[in-house]
Structure formats: structure tokens, C-alpha cells
Amino acid sequence: MKQKPKKIPDSVRASLWFANLELLDWKKERAVVISSVLNRGTWSAVRWICRFYGEEKVRKTIARPKRGFWFPQSLRFWLLFFGISLKKEAFKKALFHLAPR
């Protein structure tokens, strides 16, 4: 993974609408970037993220999801896509909720 991409495709920018991409620390915020693109991105954006970070980093982000980052359908899809199993409790904690629990 490079420190900062030279050119960020529009498909990736659309998934990261909430961030200032010029100031974003692409290494430190890797989990946020990857999960946001996998949740909201186009296939083109997903392919770019896999090339930029590498498939292994993408797999690790899915296998160890951060609390509250994921939409259930997206996380289920990517777990199946990459053949990753996740404990039920870890899955529940990873899901994004509008109402606090």
C-alpha cells in the first residue's frame, strides 16, 4: 500500500463523501476506507481498493470488522465472497445502527 494515492477515482470518492481525501491518512484510516467502499462502493471502487491496499488487507478488515461500521447485507456478502466466517457476536457488533443500543 502506498501512503496516499496519486489519483482517486470518482467511484471511490463517492463512497468516501464524508472525508477530506486530501487530508485523509490512508494508512491510519484503512479500516474506515475499506469498509466504506465495501459498504457503498461500485464494483470499480472495490477493485481499486483491493489493488491499492492489497487483497490481504481487505480480507483482514472484513475478518476483524470495526464496531458499527457495516451494513448487514454488505458484511454478509463480503464474508461469503471471501469465504470468511465470523462469530455471531462479532457480526452483531460490527453493524451500523442509527439508534443507540
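Let me start at valine 37, which lies in helix H2, residues 30-40. Helices here are DSSP runs of H or I with at least four residues, numbered from the N terminus. Before going on, a word on the source: this is a predicted model, where local features need pLDDT of at least 70, side-chain atom pairs count only at pLDDT 80 or more, and totals for chains, interfaces and linings use all residues. Residues are numbered from 1 along each chain as its sequence is written, and side-chain values use heavy atoms, with hydrogens and water left out.

So, is valine 37 buried or exposed? It is buried, with a relative accessible area of 0%; the cut-offs are under 20% for buried, over 50% for exposed and partly exposed in between, using a 1.4 Å probe and protein chains only. What does valine 37 touch, leaving aside neighbours within four places in sequence? The partners are Val12, Ser15, Leu16, Ala45, Val46 and Ile49, where contact means heavy atoms within 4.5 Å. Take valine 12: it sits 25 residues from valine 37 in sequence, and the C-alpha atoms are 6.7 Å apart in space.

Now the helix as a whole. Eight of the 11 residues of H2 are buried, so this helix is largely enclosed by the rest of the structure. The buried ones are Val32, Val33, Ile34, Ser35, Ser36, Val37, Leu38 and Asn39, and they pack against H1, H3, H4 and H5.

On the H1 side, helix H1 covers residues 10-15 and holds serine 11. Serine 11 counts as buried at 19% relative accessibility. Its contacts, not counting residues up to four places away in sequence, are Thr42, Ser44 and Ala45.

Next, H2 against H4. In general, two packed helices are described by the angle between their axes and the distance between the axes. For H2 and H4, the angle is about 85 degrees and the axes are 10 Å apart. Axes are lines fitted to C-alpha atoms, for helices over the stretch in contact, and angles run from 0 to 180 degrees between N-to-C directions. H2 and H4 are therefore roughly perpendicular to each other; that word covers 65 to 115 degrees, with under 35 roughly parallel, over 145 roughly antiparallel and the rest oblique. H2 brings Arg30, Ala31, Ile34, Ser35 and Leu38 to the contact, and H4 brings Lys57, Val58, Thr61 and Ile62.

Threonine 61 of H4 is buried, with a relative accessible area of 9%. Beyond four places in sequence, threonine 61 touches Ala31, Ile34, Ser35 and Trp70.

How do H4 and H5 pack? Their angle is about 130 degrees, with the axes 10 Å apart, and they are therefore oblique to each other. Glu55, Val58, Arg59 and Ile62 of H4 meet Leu75, Trp78, Leu79 and Phe82 of H5.

Finally, the core. The largest nonpolar core has 27 residues, and those with the most contacts inside it are Trp26, Leu38, Ile49, Ile62 and Leu75. Such a core is a set of buried Ala, Val, Leu, Ile, Met, Phe, Trp, Tyr and Cys residues joined through side-chain atoms within 4.5 Å. H2, H3 (43-53), H4 (55-63), H5 (72-82) and H6 (88-94) each supply at least two residues of this core. The largest share, six residues, comes from H3. And isoleucine 49 leads back to where we began: its contacts, not counting residues up to four places away in sequence, are Val33, Ile34, Val37, Gly54 and Val58.
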